[in-house]
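My notebook is open and the viewer is running. I will jot down what I look up, one spot at a time.

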Amino acid sequence: MNDRRRVSIEYDWYGDGRLPPNVNLGREVYIDTAYGFAPFHSERQTGLVMEDASGAYDRTSFVVGAKGVVTVGAYTVLNGTYLVCNKSIRIGSHCLIAWGSVLTDTWLDNEASVSLQARRRMLLAAAADPLRRLPPIAEPQGVTLEDNVWVGFDAVVLPGVTLGRGAVVGSKTIVRESVPAYAVLVGDPARIVRYLEPDDTDEKRREALRERVL
């Protein structure tokens with residue numbers, strides 16, 4: 001599954017199971033169905049990268065616009081996740097993203113601030129597009145999740161946010177601002193309730209491996 005030929009998912013229930021040609025998969029990547037790529041419209045040379053042993057489970061959806069690029073690190077699990085990308089979503093390695101969660105680089109804080117003329121232009125552009133793609137009406141801002149981030153179910157990560165390494169986002173939390181490494185945050189508005197010990201460093205990993213061998 002690592003070449004540039006168009007990949008097909010064997011025994012897929014959706015269509016012919018073929019993924020878009022600009023999806024680049026590493027070794028041992030798992031994708032349960034091509035259904036999640038129905039709204040994938042990236043026109044970039046590489047619109048999605050999923051690194052070794054990562055996975056997209058339970059109909060994870062890639063809602064990617066023409067200029068969007070999504071990168072998923074090694075050993076990361078997307079479980080029923082909804083990714084809305086018109087610019088950039090970068091997810092590190094060893095992340096766990098739970099069902100119902102949304103990562104989006106495009107959002108309107110106040111829909112009333114968008115003029116009728118702007119809405120009309122957007123709808124006319126969608127009507128003229130054979131794929132009926134709705135262009136982003138707000139300026140996208142990239143989203144970044146560093147390594148070993150956990151995001152609970154039904155949480156929402158909004159544009160421009162960076163979640164630092166080892167951060168944990170509680171279920172149904174709405175994240176509007178960037179979060180430092182190893183922070184645990186909950187609620188809406190999100191608040192940091194504690195910090196975790198950094199036990200996922202290379203040194204700690206080597207110690208754990210040594211203990212396992214012994």
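**Entry 1**

I looked up aspartate 154 and found it in the loop between strand 13 (150-151) and strand 14 (156-157). Strands here are DSSP runs of E with at least two residues, helices are runs of H or I with at least four, and both are numbered from the N terminus. I note that this is a predicted model, where local features need pLDDT of at least 70, side-chain atom pairs count only at pLDDT 80 or more, and totals for chains, interfaces and linings use all residues. Residues are numbered from 1 along each chain as its sequence is written, and side-chain values use heavy atoms, with hydrogens and water left out.

What is the phi of aspartate 154? I read a positive value of about 65 degrees, although aspartate 154 is not a glycine. Aspartate 154 counts as partly exposed because its relative accessibility is 28%. For this term I use these cut-offs: buried is under 20% relative accessible area, exposed is over 50%, and partly exposed is in between (1.4 Å probe, protein chains only).

Next I went to tyrosine 182, in the loop between strand 17 (174-175) and strand 18. Its phi is also positive, near 65 degrees, and tyrosine 182 is a residue other than glycine. Is tyrosine 182 buried or exposed? I put it down as buried, because its relative accessibility is 13%.

**Entry 1: a cis peptide bond**

I followed the chain to the loop between strand 18 (183-186) and strand 19 (191-195), where proline 189 is found. The peptide bond that runs from aspartate 188 to proline 189 is cis, and I noted an omega near 5 degrees.

**Entry 2: the cysteines**

How many disulfides does the structure hold? I counted zero, taking a disulfide to be a pair of cysteine sulfur atoms within 2.5 Å.

**Entry 3: helix 1**

I turned to helix 1, which covers residues 116-128. Its 13 residues, at 1.5 Å a residue, should span 18 Å, and the end C-alpha atoms are 18 Å apart, so the two values agree. The expected span is 1.5 Å times one less than the number of residues.

Which residues of helix 1 are buried? I listed Ala118, Met122 and Ala126. Looking down the axis of helix 1, I saw that its buried residues fall within an arc of 70 degrees, so they line one face of the helix. The arc is that of the directions from the helix axis to the C-beta atoms. On the face of helix 1 turned away from the buried side I found exposed residues, among them Leu116, Arg120 and Leu123.

**Entry 4: glycine 80**

I found glycine 80 in the loop between strand 7 (77-79) and strand 8 (82-85). Glycine 80 is buried, because its relative accessible area is 16%. Leaving out residues up to four places away in sequence, I found that glycine 80 touches Tyr57, Asp58, Thr60, Ala98, Trp99, Gly100 and Ser101; a contact means heavy atoms within 4.5 Å. Glutamate 207 is 127 residues from glycine 80 in sequence and 34 Å away in space, C-alpha to C-alpha.

I located arginine 18 in the segment before strand 1 (23-25). At 40% relative accessibility, arginine 18 counts as partly exposed. Arginine 18 and alanine 34 are 16 residues apart in sequence, and I noted 6.4 Å between their C-alpha atoms.

Alanine 38 sits in the loop between strand 2 (30-31) and strand 3 (48-50). I put alanine 38 down as partly exposed, at 42% relative accessibility.

**Entry 5: the whole chain**

I finished by zooming out: the protein chain has two helices and 19 strands. Buried residues make up 42% of its 214 residues.
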